[in-house]
Protein chains: 2
Amino acid sequence: MTDEQRRPVKTATTSFAILERLKERGPLGPTKLASELGLAKSTVHRHLKTLEQEGFAVPDEGGYRVGLRLLDFGIYARNQHQFYEVAKPKVDELAEETGEKVWCVTEEQGRGFHLYGAAGKHSVRTPAREGTCSYLHQLAAGKAILSAFPDERVEAIVDQHGLPAKTSHTITDTDELFEELQTIRDRGFALNREEIVPKLHAVGVVVTDQDGYPVGAISISGPSNRLKGERLTVDLANLLLGAANEVEINLNFS
Amino acid sequence: MTDEQRRPVKTATTSFAILERLKERGPLGPTKLASELGLAKSTVHRHLKTLEQEGFAVPDEGGYRVGLRLLDFGIYARNQHQFYEVAKPKVDELAEETGEKVWCVTEEQGRGFHLYGAAGKHSVRTPAREGTCSYLHQLAAGKAILSAFPDERVEAIVDQHGLPAKTSHTITDTDELFEELQTIRDRGFALNREEIVPKLHAVGVVVTDQDGYPVGAISISGPSNRLKGERLTVDLANLLLGAANEVEINLNFS
DNA sequence: ACATGCGTTCGAAGGGTTCGAACACATTTA
DNA sequence: TAAATGTGTTCGAACCCTTCGAACGCATGT
């Protein structure tokens with residue numbers, strides 16, 4: 001939003017837009033894609049053939065779908081993060097221990113990516129899945145990460161992505177966000193009370209490196225009537241603080 | 001190999017080639033990428049900026065690396081396969097039960113993709129990871145899948161991808177492959193004896209739909225001195241046959 | 001048999017990509 | 001200290017490649 005990219009490679013962007021559409025809409029053919037993207041049928045056709053040749057799209061009943069070649073890239077990208085391998089066992093442990101849904105999230109380009117999630121016995125279904133990219137201010141883990149950034153970095157992220165709302169509880173005001181971040185810094189953990197999904201609460205704690213720079217965060221989420229009061233702000237929060245601490249130590253020696 | 005693609009979108013191909021290089025070589029900058037790919041520095045620079053804007057590449061120490069946006073796409077692609085969700089719990093169960101490494105693999109465009117793997121207590125480290133794309137004839141699971149294809153489909157795949165060797169035990173001859181596939185059909189399971197990694201053995205069983213078309217395969221792999229004799233060809237094979245059978249039934253009712 | 005929808009092919013026209021040279025900048029070398 | 005080498009970056013021109021729309025085959029359904 002600040003600096004418009006000077007000359008992006010338009011053709012590549014088109015290919016990516018097609019992939020994105022295939023992801024959002026499921027199997028589609030050239031005709032529908034063309035009309036939805038405002039392109040010529042033949043253009044989309046050619047892109048699809050190229051994507052197919054590369055393994056990024058595959059023919060499926062009544063159109064094309066996203067290919068597994070992207071899983072190869074995606075898993076590789078995840079494995080690049082040492083935070084993932086260190087946090088993963090802790091996430092599994094926390095899910096087992098609490099029975100809720102536990103996530104580790106990392107920041108990239110000002111967005112929060114769900115690296116890995118484990119479902120406890122009583123965990124509920126949420127819109128997030130592995131790989132999901134969310135706004136940081138809409139996540140407990142995301143706000144925990146933001147709280148460890150310098151103010152100017154937070155401002156840059158808000159400038160770039162804005163503060164869109166998911167529910168009426170979502171923080172949409174910059175001043176309010178900074179107040180919240182200060183609260184998080186003071187008490188050590190972030191809370192999410194129906195800020196992304198109604199009736200869904202969460203706690204999140206940031207994991208930082210030696211310099212205090214955030215490498216990610218761990219969160220526990222569940223139904224609001226179970227994640228409330230002292231269980232939320234004392235029991236689960238302390239559990240997370242301990243886990244995050246362990247992960248930080250393990251990160252320093254790997 | 002049979003029909004050369006007529007007019008692939010060259011520009012998009014270039015972007016993908018850059019991503020592929022970043023995956024193979026780790027963090028690289030425009031200069032090195034340009035020389036390795038035979039492109040102008042400025043061209044690569046522009047592509048990288050575009051990839052960065054899209055979230056497919058991110059600046060990292062001394063260059064760019066593959067971005068987590070690809071994880072978003074990749075996990076989505078995996079979730080599209082109902083075989084994944086049905087087979088996953090069985091894979092976990094088998095890993096627990098056998099202590100070895102268990103995989104579920106599916107075919108796409110004539111290649112085998114490792115959808116999901118679970119490590120048992122005694123499992124060894126192998127070159128495969130989730131998302132890995134392999135030649136079907138080099139995998140126990142891959143050969144099991146091939147055995148369920150009609151001959152002409154197998155021939156088309158061999159034509160397209162060839163039969164490259166990984167070890168001296170890899171099947172590199174078409175006739176030999178067809179003999180092996182017949183053996184697999186007769187006894188119900190596929191074996192891999194150091195055909196992809198020295199000292200590594202595996203058993204694989206195909207999972208088909210109602211029409212007998214292969215939707216994937218499950219395999220167990222481990223060190224050759226542990227996966228041999230009756231344990232390999234009777235105990236583990238029967239375990240897999242039972243698991244595959246269960247998965248097939250569950251697939252029919254989902 | 002006709003109509004409508006789809007995927008596919010083709011050639012022309014125009015725009016976008018590519019290239020190399022030149023720039024700024026940091027780090028290393030003399 | 002200054003030259004030298006290596007980066008990443010910007011710019012404009014030339015050409016190639018993408019884009020478009022129309023037309024074609026081919027299915028399905030009317």
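**Terms and ground rules**

I count as a polar contact a pair of N or O atoms within 3.5 Å, and within protein one atom must be able to donate a hydrogen and the other to accept it, while residues adjacent in sequence count only if both atoms are side-chain atoms. With that in hand I looked up T11(A), where a backbone N or O atom lies 2.8 Å from a phosphate oxygen of DNA strand C.

I note that this is a predicted model, in which local features need pLDDT of at least 70 and side-chain atom pairs count only at pLDDT 80 or more, whereas totals for chains, interfaces and linings use all residues. Residues are numbered from 1 along each chain as its sequence is written, chains are lettered from A and ligands numbered from 1 in the order in which they are written, and side-chain values use heavy atoms, with hydrogens and water left out.

**Entry: DNA strand C**

I called a residue near a strand if one of its heavy atoms lies within 4 Å of it. By that rule 22 residues surround DNA strand C, and the closest are K10(A), T11(A), T31(A), H45(A) and S42(B).

For the classes, I count Ala, Val, Leu, Ile, Met, Phe, Trp, Tyr, Cys and Pro as nonpolar, Asp, Glu, Lys and Arg as charged, and the others, Gly among them, as polar. The surface near DNA strand C then divides into 5 nonpolar, 10 polar and 7 charged residues.

**Entry: DNA strand D**

Around DNA strand D there are 21 residues, of which S42(A), H47(A), K10(B), T31(B) and H45(B) come nearest. Within 4 Å of the protein, 60% of the atoms of DNA strand D belong to sugar or phosphate, and the rest belong to bases.

I looked for a polar approach to a base and found one at S42(A), where a polar side-chain atom lies 2.6 Å from a base oxygen of DNA strand D. On the phosphate side, the side chain of T31(B) has an N or O atom 2.5 Å from a phosphate oxygen of DNA strand D, and for the side chain of K49(B) the corresponding distance is 3.5 Å. The helices that each supply at least two residues here are α1 (10-25) and α3 (41-54) of chain A, with α1 (10-25), α2 (30-37) and α3 (41-54) of chain B. By class I list 4 nonpolar, 10 polar and 7 charged residues for this surface.

**Entry: how the two chains are related**

I superposed the copies by least squares on the C-alpha atoms of residues with pLDDT of at least 70 in both, and a rotation of 180° with 0.0 Å of shift along its axis brings chain B onto chain A (RMSD 0.0 Å). The two copies are thus related as by a two-fold rotation axis.

I took contact to mean heavy atoms within 4.5 Å, and buried to mean under 20% relative accessible area, exposed over 50%, and partly exposed in between (1.4 Å probe, protein chains only).

E108(A) lies in strand β3 (residues 101-108) of chain A and counts as buried at 4% relative accessibility. Its side chain joins that of R65(B) in a polar contact of 3.3 Å, and a polar atom of the side chain of E108(A) lies 2.7 Å from the backbone nitrogen of L68(B). Not counting residues up to four places away in sequence, E108(A) touches residues including H81(A), F113(A), G55(B) and V58(B).

E107(B) lies in strand β3 (residues 101-108) of chain B and is buried as well, at 14% relative accessibility. The side chain of E107(B) makes a polar contact with the side chain of R153(B) at 2.9 Å, and reaches the backbone nitrogen of Q109(B) at 3.5 Å.

Note on methods
Helices (H or I, at least four residues) and strands (E, at least two) are DSSP runs, numbered from the N terminus.
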